[in-house]
There are 2 protein chains.
Amino acid sequence: MTYCLGIINHHGLIFGADSRTNAGVDYISTYQKLFDFCIPGDRTIVLCTSGSLSITQAVMNHLRQDIKQNKDRNLHTLPNFYEVARYIGSTLREIQEIDRPWLERDNIDFQCNILVGGQLQGEDPQLFLVYSQGNFIQATPETPFLQIGETKYGKPILDRVLHYDTPLHLAVKAAVLSIDSTMKSNISVGPPLNVLMYQRDSFEIHHRLRLRLGSPYLATIRRYWEESVRKTFEEMPEIEWQDDVGANKQEVLID
Amino acid sequence: MTYCLGIINHHGLIFGADSRTNAGVDYISTYQKLFDFCIPGDRTIVLCTSGSLSITQAVMNHLRQDIKQNKDRNLHTLPNFYEVARYIGSTLREIQEIDRPWLERDNIDFQCNILVGGQLQGEDPQLFLVYSQGNFIQATPETPFLQIGETKYGKPILDRVLHYDTPLHLAVKAAVLSIDSTMKSNISVGPPLNVLMYQRDSFEIHHRLRLRLGSPYLATIRRYWEESVRKTFEEMPEIEWQDDVGANKQEVLID
């Protein structure tokens with residue numbers, strides 16, 4: 001499994017990804033799922049991948065080859081972010097055309113998702129989620145984050161704190177904790193974590209982080225979080241129990 | 001969808017359930033999913049249900065009828081909790097035998113799960129999860145809670161704070177917040193919430209709560225929680241960004 005998230009807001013973008021890949025519980029490996037295609041000063045393009053590793057690696061290879069071979073359409077030449085998302089979707093469709101029939105006949109999962117976000121000159125920062133089918137959606141101020149992979153465990157903490165105006169230094173802690181919560185609940189999501197933070201209009205990523213297994217920072221924030229949660233519960237208003245709750249009253253009365 | 005949870009620990013038991021049922025997003029209703037079969041002073045038996053409403057309602061009807069008709073084996077006569085779980089499993093299997101073929105041929109979901117917990121005289125409190133197939137598992141001190149329905153959104157908060165020795169008055173706040181987090185992330189889980197708290201060896205439930213939509217307590221703890229989370233992030237040690245993160249460095253360099 002995988003967990004990747006992208007956050008977009010007024011101040012910039014954050015990306016986070018775990019690195020664990022598994023084919024069944026008896027084959028666990030580490031693969032990078034966060035990829036940086038930036039040209040400092042010109043364009044910021046970051047991708048995160050989830051799902052079939054053979055498909056997503058093939059897509060990444062195509063994206064790289066298109067740059068190397070100076071193809072007309074590649075991540076370093078496309079003029080706007082809508083075109084970037086469209087191009088990644090069509091690359092994904094090409095790979096699906098090649099590999100999907102072979103996977104499908106053996107009931108092997110060929111699904112995958114790709115987050116892509118960043119900023120091109122003359123545009124606001126943008127964040128897209130490209131589906132297996134090559135279509136895509138875009139994050140908007142109302143819901144300033146997108147997730148792929150094992151999305152549920154890490155969503156409540158984001159729902160509670162993320163807004164379009166949340167400062168990046170707070171949002172990034174929520175991102176790390178969202179990944180940590182997912183790792184704690186699903187063993188197929190695991191370190192190292194890769195995290196990037198991009199400040200709007202900087203056209204360069206100055207903040208990068210890789211947290212390995214046993215990282216002191218990860219241990220510190222986990223302990224800090226768990227103590228805070230416990231303290232919050234202790235200080236939270238006590239439940240006002242009710243004397244008479246009809247629907248909860250004894251269900252069966254013997255005649 | 002549904003979210004129900006049962007917590008068992010050294011001090012007793014807690015049950016929580018939402019009340020929203022849906023057949024597609026265009027048919028939402030309210031049904032109770034928490035059922036109390038206690039005989040005060042003698043036995044505490046609480047059930048929570050998720051999944052196919054027709055199946056779980058049929059099971060509840062059978063359980064009630066068996067008590068009314070003074071059947072040999074019923075929830076008010078069984079001598080130990082293992083037998084209670086076994087009896088609920090076999091009742092569920094009877095209903096599945098009757099209805100499943102008719103549902104299966106139209107691809108209608110017949111899956112359901114039942115939480116059952118409580119305490120019988122001469123035994124410790126116990127908590128079981130009975131699956132659609134009638135088999136079951138029991139909660140143990142290492143993992144002092146069981147969930148059914150939409151389980152993922154509400155699990156991280158429980159993983160962070162629940163231990164076998166967590167005082168009940170804290171555990172119940174975690175339970176309410178676990179349900180609230182699930183309601184916030186999945187619109188098919190919704191109020192009223194029903195919550196019960198049972199103190200070990202009391203053989204009577206003194207703490208019952210029903211939180212309706214717009215309940216002031218629910219609004220209070222939600223606000224309290226969100227402010228605490230935000231404050232925790234503000235006070236959490238800042239991320240120590242790294243200057244050189246090999247795997248995150250620019251992925252593609254044009255030759």
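1. A salt bridge is taken here as a side-chain nitrogen of Lys or Arg within 4 Å of a carboxyl oxygen of Asp or Glu. By that rule, eight salt bridges run between chain A and chain B. The model is a predicted one, and every value in this note is computed from it. Over all chains, the count of salt bridges comes to 34.

2. One of the bridges between the chains joins R160(A) and D180(B), whose side chains meet with N to O at 3.0 Å. On the side of chain A that touches chain B, the elements giving two or more residues are strand 5 (34–36), helix 1 (53–68), helix 3 (155–161), helix 4, strand 11, strand 12 and helix 5 (216–235). Helix 5 of chain A gives the most, with 14 residues. Sorted by class, this side of chain A has 34 nonpolar, 23 charged and 13 polar residues.

3. The extent of the interface can be stated in two ways. In residues, 70 of chain A are in contact with 70 of chain B. In area, the two chains bury about 7300 Å² between them, and 62% of this is on carbon and sulfur atoms.

4. A salt bridge within chain A deserves a separate point. R200(A) pairs with D124(A), and the closest N and O atoms are 2.7 Å apart. R200(A) sits in the loop between strand 11 and strand 12 of chain A, and D124(A) in the loop between strand 7 (112–120) and strand 8 (126–130) of chain A, so the pair ties together parts that are 76 residues apart in sequence.

5. Chain A has an open sheet of five strands in the order 10-1-2-11-12, with antiparallel pairing. Strand 10 (145–149) and strand 12 (207–211) of chain A each have a single partner strand, so one side of each is left without a neighbour in the sheet. From one strand to the next, the twist averages 10°.

6. Within the chain A sheet, strand 2 (residues 12–17) and strand 11 (residues 193–199) run antiparallel and are joined by six bridges. In this pairing, M197(A) of strand 11 is the bridge partner of I14(A). Helix 4 (residues 168–185) of chain A packs on the sheet, where this helix touches strand 1 (3–9), strand 2, strand 11 and strand 12 of chain A. The direction of helix 4 makes about 160° with that of strand 1 of chain A.

7. For chain B, the sheet to note is an open one of five strands, ordered 5-6-7-8-9 and paired antiparallel. Strand 5 (34–36) and strand 9 (136–138) of chain B are the edge strands, each pairing on one side only. With direction ignored, neighbouring strands of this sheet are turned by 20° against each other on average.

8. Strand 5 of chain B is joined to strand 6 (residues 43–51) of chain B by three bridges, the two strands running antiparallel. F35(B) stands opposite L47(B), a residue of strand 6 of chain B. Helix 1 (residues 53–68) of chain B packs on this sheet and touches strand 5, strand 6 and strand 7 (112–120) of chain B; the direction of helix 1 makes about 160° with that of strand 6. Helix 2 (residues 81–104) of chain B also packs on the sheet, touching strand 6, strand 7, strand 8 (126–130) and strand 9 of chain B, with its direction at about 155° to that of strand 7.

9. Most residues other than glycine have a negative phi, and most peptide bonds are trans. The peptide bond joining P191(A) and P192(A) is cis, with omega about -5°; P192(A) lies in the loop between helix 4 and strand 11 of chain A. In chain B, the bond from P191(B) to P192(B) is cis, with omega near 0°, and P192(B) is placed in the loop between helix 4 (168–185) and strand 11 (193–199) of chain B.

10. A positive phi is found at N70(A), a residue other than glycine, where the value is near 50°. N70(A) belongs to the loop between helix 1 and helix 2 (81–104) of chain A.

Methods: Residues are numbered from 1 along each chain as its sequence is written. Chains are lettered from A and ligands numbered from 1 in the order in which they are written. This is a predicted model: local features need pLDDT of at least 70, side-chain atom pairs count only at pLDDT 80 or more; totals for chains, interfaces and linings use all residues. Side-chain values use heavy atoms; hydrogens and water are left out. Two strands pair if DSSP finds at least two bridges between them. Helices (H or I, at least four residues) and strands (E, at least two) are DSSP runs, numbered from the N terminus. Axes are lines fitted to C-alpha atoms, for helices over the stretch in contact, and angles run from 0 to 180 degrees between N-to-C directions. Contact means heavy atoms within 4.5 Å. Buried area is the accessible area (1.4 Å probe) that two parts lose on being put together, summed over both. Ala, Val, Leu, Ile, Met, Phe, Trp, Tyr, Cys and Pro count as nonpolar, Asp, Glu, Lys and Arg as charged, and the others, Gly among them, as polar.
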